[in-house]
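This report describes a protein model, moving from its sheets and helices to its domains, its chain contacts and one loop. The sequence and structure are shown below for reference.

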Protein chains: 2
Amino acid sequence: MKNQYFLGLDIGGTNIKAGVFEKSGKLAAKWSIRTDTTENGRNILNDIKKSVDERIGNDTEIIGVGAGIPGPVDKSGVVHFCVNLGWNDKNIKNELETLFGVRCAAENDANCAALGEYWMGAGKGAESLVLATIGTGIGGGIILDGKILNGYNASAGEIGHIVINTKETEYCTCGKKGCAEQYASAAAMEKTYERLYGTKISAKEIVERAKNNEPQAEFVFEKGCKALGQVLSSVAGVINPEIFIIGGGLANGGDFVLDTIRGYYRQFAFHTMKETEFKIAQLKNDAGIYGAVKLLID
Amino acid sequence: MKNQYFLGLDIGGTNIKAGVFEKSGKLAAKWSIRTDTTENGRNILNDIKKSVDERIGNDTEIIGVGAGIPGPVDKSGVVHFCVNLGWNDKNIKNELETLFGVRCAAENDANCAALGEYWMGAGKGAESLVLATIGTGIGGGIILDGKILNGYNASAGEIGHIVINTKETEYCTCGKKGCAEQYASAAAMEKTYERLYGTKISAKEIVERAKNNEPQAEFVFEKGCKALGQVLSSVAGVINPEIFIIGGGLANGGDFVLDTIRGYYRQFAFHTMKETEFKIAQLKNDAGIYGAVKLLID
C-alpha cells in the first residue's frame, strides 16, 4: 500500500506554496512554484498538478487537497472575484477534485492561515482566536470552536477594512476612506515615513529604528500600532476571542511589536477583555498550507 | 398529567419580566414585577418564585427556567458582577435550579434578546444575525448558526463600547473615551441636542422632528445614525452577519431610522457586505423572555 498524504496549497499572486502532510499534521515536504497569472490564471491549477506529479514518488498517494486563495471563497468552493490570480466565478473545489480525483476544499488564504495557527501553531487548543497578518495589507482570519468563521458573504475577518477614521480624505485600495489598513499595514508605515521625512525605508527598518528610540521612526511605528490596537479592540468588542495572533512581516519584530500593539489595545478595549492574550504567529509563511490541509481533517 | 411549560425571565434593574411558554415558542402568559435591589438583590430570585407560584395554576408544571441578566454570565452560569442588580459572583443557574427544582439556564440579557429575535422574531431562519438595541446604552447580541456567541470573557457583542473616536475627551460610563454609545445611544442623542440647543427633548421627539426636517433635530439624529452605521460596519468587518436587527426605543422610529442607519452603514462597509439586510426588531420588550426560554430548547 502507498503512503497516504494530504496536499496543502497556498495560492498567491506571485508564488504558490505546496506542502505534503501526514494526517497527524506533520509536514513531510514543501516547495513553491511561480504563479502564472497570464490568461486569467487559467494555467495555475495544471501547473500545480504537474509540480505535484514531479515531486511525489510512486510510493506516495495524495488523498486530499486543500487550497488557500487570496479572495473570498463561498461555501460551495467558488471564487467569484480574485484580482491577484485573474479568477472570476471559478469553482476551485470542483476543478481541483476533477484534476486530482480526490476530496478537495478551498478557502480564503487568511482564513487558512488562522486555521493553520490554530491546528499546529500559536493558537493550539484555543477556544477562539484571531490571526491578524500585517504585511502590504492587513489580513484577518477568525477561528471559533476550531472552525473558520466565514461570514454570510465569505467576508468575515476583513479587519483591515474596518474604518477607524471617518475624517480621512485619501482612498484605501478598497474604495473607502479611513480603513485600518491605511494606517497600520507595513506599507502604510513606509508611506507615512516617506511622506513625513522624505526618505523611503522598509517597515523592518522602521521597527528596528523605533526599537533604538530614533524619534522619527518611533512616531510612525507608534502611530501604526495605535491603529492596530484600536482595530483589534473593535474586533474584541464583537467576538471577544481568547487569543490575538500577530503574523506577517511586522511580526518579525517580535515582543517589541507585540507589546506596543497590546499597549494600545488595552487603552481601547472594554474592561472585561483588557487581558486578552497576544502571541506572535509561529508557522510564518507555512500557516496557509497547514490550514489548507486542516480543512480536510476533522 | 399537568400541562408543561417553560418559564422565561428578563431580570432588569427596575422590572422583572416573566413569560410562560409552550415548547413550540407560543407565549401563554406574561407579567412583570418590580425588582427589589435592596441588600444586593438578595430577594430577587425568591420574589420571582413567589410570583410564579401565585400566577400559575395547579394544572401547570414548569419544566425549565431561563433567565436573562443585565451583565456578563459565564459558561457555568455565574454572574461575576452585575451593578444593576447588586449581584457579585452569584451562580444564577444553580440558584434557580435549587429554587425551581428543574433545569435552568442564565445568559446576558442582550444575548437573550438576540436569541429571541432569531427564534420567533425578525431573525427567523437567519444563518447569522446581530441585534443592536439602542436605548439608554447600546446593547449587542450575536447569533451564529442558531447559537449565542458568548466570547472568551462572556463579552462578545459589547458593540456599544467599540471606540469610534480616539480624540474624544469625555469619558464613557465604561471608563474609556470615544465609545459608540457616547454618540449613538438614545441618551447620547438627547444629551447632544441639549448641549447644542439648550433644551432637553426625548430621543423619540428628536426622531419625530428629524422626520419633519427640523434642521437642529436632523443634525443630531444624523450624527447618531452615522456613528451607528460606522460601528455596525465594524461589526460586519469582523463577523459579516446575514442580518442586522435594530431594537430598543430608537427602533420605534421604524423605516425612517432603519434607512438612515443603513445609509451610513453602506458608506463604511466593505464592498462585499454593503447589501447586508437591516430589519426592525419584532418582539420588542418580549425578546428577552423568548430568548431565555430558547436557551433550554435545542
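In chain A, A:Leu131 stands opposite A:Ile245 in β11(A). The model in which this pairing is found is a predicted one. A:Leu131 and A:Ile245 are opposite one another in a pair of parallel strands, β8 (residues 128-134) of chain A and β11(A), which five bridges join.

These strands belong to an open sheet of five strands, ordered β10-β9-β8-β11-β12 in chain A, and the pairing is mixed. The edges are taken by β10 (147-148) and β12 of chain A; each has a single partner strand, so one side of each is left without a neighbour in the sheet.

Helix α9 of chain A covers residues 254-268. At 1.5 Å a residue, its 15 residues should span 21 Å, and its end C-alpha atoms are 22 Å apart, which agrees. The buried residues in α9(A) are A:Val257, A:Thr260, A:Ile261, A:Arg262, A:Tyr264, A:Tyr265 and A:Phe268. An α-helix has 3.6 residues a turn, so residues three or four places apart point the same way. The cover over the buried residues of α9(A) includes α7 (203-211), α8 (215-239), β11 (243-247) and β12 (277-280) of chain A.

Of these covering elements, α8(A) has 25 residues. From its first C-alpha to its last, α8(A) reaches 36 Å, close to the 36 Å expected at 1.5 Å a residue. Helix α8(A) is itself mostly covered, with 19 of its 25 residues buried. A:Asn240 follows α8(A) and has a positive phi, near 45°.

## The sheet of β1 to β4 and β7

Another open sheet of chain A consists of five strands in the order β3-β2-β1-β4-β7, with mixed pairing. At its edges stand β3 (27-34) and β7 (103-108) of chain A, each with a single partner strand, so one side of each is left without a neighbour in the sheet. From one strand to the next, the twist averages 20°.

Strand β1 (residues 3-11) of chain A runs parallel to strand β4 (residues 60-69) of chain A, and eight bridges join them. Within this pair, A:Leu7 stands opposite A:Val65 in β4(A). Helix α4 (residues 109-120) of chain A packs on the sheet and touches β1, β4 and β7 of chain A; its direction makes about 105° with that of β7(A). Helix α10 (residues 287-294) of chain A also packs on the sheet, where it touches β1, β2 (15-21), β3 and β4 of chain A. The direction of α10(A) makes about 125° with that of β1(A).

Strands β2(A) and β3(A) pair over seven bridges in the antiparallel sense. A:Val20 has A:Ala29 in β3(A) as its bridge partner. The hairpin of β2(A) and β3(A) has five residues between the strands, and in it A:Gly25 takes a positive phi near 100°.

## Domains of chain A

Chain A divides into domain 1 (3-109) and domain 2 (122-282). The centres of these two domains, taken over C-alpha atoms, are separated by 28 Å. Five residues of domain 1 of chain A are in contact with four residues of domain 2 of chain A. On the side of domain 1 that touches domain 2, the residues divide into two nonpolar, one polar and two charged.

## Contacts between the chains

In the contact between the two chains, 34 residues of chain B meet 34 residues of chain A. Helix α8 (residues 215-239) of chain B gives the most to the side of chain B that touches chain A, with seven residues. The residues of that side of chain B divide into 15 nonpolar, 15 polar and four charged.

## The loop between β10 and α5 of chain B

B:Cys172 lies in the loop between β10 (147-148) and α5 (181-184) of chain B, and B:Thr173 has its place in that loop too. Are these residues buried or exposed? B:Cys172 is buried, because 20 other C-beta atoms lie within 10 Å. B:Thr173, with 13 C-beta neighbours inside 10 Å, counts as partly exposed.

B:Cys172 and B:His161 are eleven residues apart in sequence, while their C-alpha atoms are 8.4 Å apart in space. For B:Thr173 and B:His161, the separation is twelve residues in sequence and 9.5 Å in space, C-alpha to C-alpha. Not counting residues up to four places away in sequence, B:Cys172 touches B:His161, B:Lys177, B:Cys179, B:Glu181 and B:Gln182.

Conventions
Residues are numbered from 1 along each chain as its sequence is written. Chains are lettered from A and ligands numbered from 1 in the order in which they are written. This is a predicted model: local features need pLDDT of at least 70, side-chain atom pairs count only at pLDDT 80 or more; totals for chains, interfaces and linings use all residues. Domain bounds come from an automatic or database domain assignment. Two residues are in contact if their C-beta atoms, placed from the backbone, lie within 7 Å. Ala, Val, Leu, Ile, Met, Phe, Trp, Tyr, Cys and Pro count as nonpolar, Asp, Glu, Lys and Arg as charged, and the others, Gly among them, as polar. Helices (H or I, at least four residues) and strands (E, at least two) are DSSP runs, numbered from the N terminus. Two strands pair if DSSP finds at least two bridges between them. Axes are lines fitted to C-alpha atoms, for helices over the stretch in contact, and angles run from 0 to 180 degrees between N-to-C directions. The expected span of a helix is 1.5 Å times one less than its number of residues. A residue is buried if 20 or more other C-beta atoms lie within 10 Å of its own, exposed if 12 or fewer, and partly exposed in between; C-beta atoms are placed from the backbone.
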